Amino acid sequence: MWTADEIAQLCYEHYGIRLPKKGKPEPNHEWTLLAAVVKIQSPADKACDTPDKPVQVTKEVVSMGTGTKCIGQSKMRKNGDILNDSHAEVIARRSFQRYLLHQLQLAATLKEDSIFVPGTQKGVWKLRRDLIFVFFSSHTPCGDASIIPMLEFEDQPCCPVFRNWANNSSVEASSNLEAPGNERKCEDPDSPVTKKMRLEPGTAAREVTNGAAHPQSFGKQKSGPISPGINSCDLTVEGLAAVTRIAPGSARVIDVYRTGAKCVPGEAGDSGKPGAAFHQVGLLRVKPGRGDRTRSMSCSDKMARWNVLGCQGALLMHFLEEPIYLSAVVIGKCPYSQEAMQRALIGRCQNVSALPKGFGVQELKILQSDLLFEQSRSAVQAKRADSPGRLVPCGAAISWSAVPEQPLDVTANGFPQGTTKKTIGSLQARSQISKVELFRSFQKLLSRIARDKWPHSLRVQKLDTYQEYKEAASSYQEAWSTLRKQVFGSWIRNPPDYHQFK
């Protein structure tokens, strides 16, 4: 059917060919992260699918995002015209929502073929049965999925953990990569990061890049059973080893890859102790800011939410009979743990019950590719050799959607690149994937459909603000409320006055 490497290669080629130079990292000095949604269409006749002759599927990138930044809470705006979170995964998902809006417009106006077919009720649609969506990310999502056990090696590839790192609130919200307080110290080209390291006797050799070895990192892996107790928030060293199926006696866990994402208020905090006990796993986390805390939940938390509520969000749920779920997640070559991914994206929500009809915790397939993103931090670091200056994250974010009008959107600090203080607040200073612009696209869709053909949820009451339209998606709101009550009670939600725009 398809492989993780095929998905990664398709996304890397799309990035190279379809995305412009504008918004991409400056060679040898900047790096970025990449994420995308890939549509996979199976042929109508699957009868010929055999091990010797697998069915050929059609793969197409329908949305893509790059980015590593978030804005602090002091920069948030109540009119919905700024991007709060510009991490690649979030940009790709918002770009996907643009694509879904366009496809709903095609379906509703009967102009062209669409990914949607009529549902069982008036005004609602459902995804064609021959289609699935696969999410690609060049790196593990920040937060819980990036807390990965690090094994004991004959040579230590990492710098010591400094105690004051845990209290450094000024760490830049730059990436999904770990140990921001230490990372500059680990960028010495003469350090062991470029050497091949050996595990303890009886285990395989691994190439070490990006500051540490990659435990069980480079195989094409698929999701397996979730280990009991994987949600525990205070795993010991032996517990972390068990989570990655590593026997403590053969290769001892001596540290963990760190995430810059901070525990949300109300959650038990990280211990900050040196070594493997530094983090507690399974917790909700927010992306850090440079001296100004963000209100953006980690990508691990957001992707776990999408796996229960769907990627379409509340607005589009008005038009859909069932949520739009991802069937698989593919991660590029990077430090990786299958079990950490399982725990973060599926395991924390696996016991959620009493969800409304159509909603459920999905059996998400999780795979890793052997292909490295050429503009990832580790790839750029390996190529830059003795280039002067620091290696820094790219400040821009690129959004691309498979839509006919303005498919590209390049932003910096939450606004279209080139926006000045004088133009903030104008129409041209809005990203195509900002809340207010996605809401405007939603309203444009409504205007093209006769009112008597609207979904029931939109016909029964007069709605005005963004908040009112979101709240009126009752099944989605019920599912979200259930998820918060049972698992994500400490989730940070923006006050209602940030959603009162029209």
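Over the ring of which residue does the charged end of Lys24 sit? The ring is that of Tyr15, and the charged end of Lys24 is 4.3 Å from its centre. A charge is counted as sitting over a ring if NZ of Lys or CZ of Arg is within 6 Å of the ring centre and within 35 degrees of the ring normal. The model is predicted, so local features need pLDDT of at least 70 and side-chain atom pairs count only at pLDDT 80 or more, while totals for chains, interfaces and linings use all residues. Residues are numbered from 1 along each chain as its sequence is written, and side-chain values use heavy atoms, with hydrogens and water left out.

Lys78 lies over the face of Tyr498, at 5.8 Å from the ring centre. Tyr498 is placed in the segment after helix 11 (474-486); helices (H or I, at least four residues) and strands (E, at least two) are DSSP runs, numbered from the N terminus. In sequence, Tyr498 and Lys78 are 420 residues apart, but their C-alpha atoms are 4.2 Å apart in space. Leaving aside residues up to four places away in sequence, Tyr498 touches Met76, Arg77 and Lys78, where contact means heavy atoms within 4.5 Å. Tyr498 has 18% relative accessibility and therefore counts as buried (under 20% relative accessible area, with exposed over 50% and partly exposed in between; 1.4 Å probe, protein chains only).

The structure holds 16 aromatic pairs. Rings of Phe, Tyr and Trp (its six-membered ring) pair if their centres lie within 6.5 Å; planes under 30 degrees apart count as stacked, over 60 as edge-to-face and the rest as tilted. The pair Phe96 and Tyr99 is stacked, because the ring centres are 6.1 Å apart and the planes are at 20°. Both residues, Phe96 and Tyr99, belong to helix 2 (residues 88-109), three residues apart, about one turn of the helix, and both are buried.

For Phe439 and Tyr466, the centres are 5.4 Å apart and the planes are at 70°, so this pair is edge-to-face. Phe439 in helix 8 (residues 435-447) and Tyr466 in helix 10 (residues 466-471) are 27 residues apart, and the pair links distant parts of the chain. Both Phe439 and Tyr466 are buried. One aromatic cluster is formed by Phe319, Phe439, Phe442, Tyr466, Tyr469 and Phe501.

Strand 3 (residues 58-66) pairs with strand 2 (residues 34-41) in the antiparallel sense over eight bridges; two strands pair if DSSP finds at least two bridges between them. Glu60 in strand 3 is the bridge partner of Lys39. Strand 3 is also joined to strand 18 (residues 396-401) by three bridges, and these strands run antiparallel. Ser401 in strand 18 stands opposite Ser63.
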